[in-house]
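Student: Could we walk through this protein together, from its overall fold down to a few single residues?

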Amino acid sequence: ELERRVAHLLAVTPGLDAADVTVTGKGNTILLAGFVATAAEVARAEEAARHVQGVAEVINRIETVVAR
């Protein structure tokens, strides 16, 4: 449930393309992984995940990738 809520919020967060981001939850810890285009998006994703009720910790392993 927590995973689903975080994933949904990332999907609707303005200025964030979360198509290549995965959300994994264990207890109240959320692991974000995958790729986005900019460092700002990495920060935006983490900030959004932290605002979901029930999330105690966010481990952010999202990387930026340069579009070819």
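This is a predicted model: local features need pLDDT of at least 70, side-chain atom pairs count only at pLDDT 80 or more; totals for chains, interfaces and linings use all residues.

Student: Which pattern does the protein follow, read along the sequence?

Tutor: Helices (H or I, at least four residues) and strands (E, at least two) are DSSP runs, numbered from the N terminus. The protein has 2 helices and 3 strands. Read along the sequence, the pattern is α-β-β-α-β.

Student: What radius of gyration does the protein have?

Tutor: The radius is taken over C-alpha atoms, and the globule rule is 2.2 Å times the number of residues to the power 0.38. For 68 residues, a compact globule would come out near 11 Å, and the protein agrees with that, at 11 Å.

Student: What percentage of the residues count as buried?

Tutor: Buried means under 20% relative accessible area, exposed means over 50%, and partly exposed is in between (1.4 Å probe, protein chains only). Of the 68 residues of the protein, the buried share is 32%.

Student: Which residues of helix α1 are buried, and against which elements do they pack?

Tutor: Helix α1 covers residues 2-12, and its buried residues are Leu-2, Val-6 and Leu-10. They cover an arc of only 70° around the axis, which puts them on the same side of α1; the arc is that of the directions from the helix axis to the C-beta atoms. An α-helix has 3.6 residues a turn, so residues three or four places apart point the same way. Counting contact as heavy atoms within 4.5 Å, the buried residues of α1 pack against β1 (21-26), β2 (29-36) and α2 (39-50).

Student: Is Ile-30 buried or exposed?

Tutor: Ile-30 sits in strand β2. Leaving out residues up to four places away in sequence, Ile-30 touches several residues, among them Leu-2, Val-6, Val-23 and Val-58. With a relative accessibility of 0%, Ile-30 counts as buried.

Student: Which residues does Ala-45 contact, leaving aside its neighbours within four places in sequence?

Tutor: Ala-45 is in helix α2, and it is buried, with a relative accessible area of 0%. Beyond those neighbours, the contacts of Ala-45 are Leu-10, Leu-16, Leu-32 and Ile-62.

Student: Is Arg-61 buried or exposed?

Tutor: Arg-61 belongs to strand β3, residues 57-64. Not counting residues up to four places away in sequence, Arg-61 touches Leu-31, Leu-32, Ala-33 and Gly-34. Its relative accessible area is 55%, so Arg-61 is exposed.

Student: How far apart are the C-alpha atoms of Ala-19 and Phe-35?

Tutor: Ala-19 lies in the loop between α1 and β1, and at 63% relative accessibility it counts as exposed. Ala-19 and Phe-35 are 16 residues apart along the chain, and their C-alpha atoms are separated by 8.6 Å.

Terms used: Residues are numbered from 1 along each chain as its sequence is written. Side-chain values use heavy atoms; hydrogens and water are left out.
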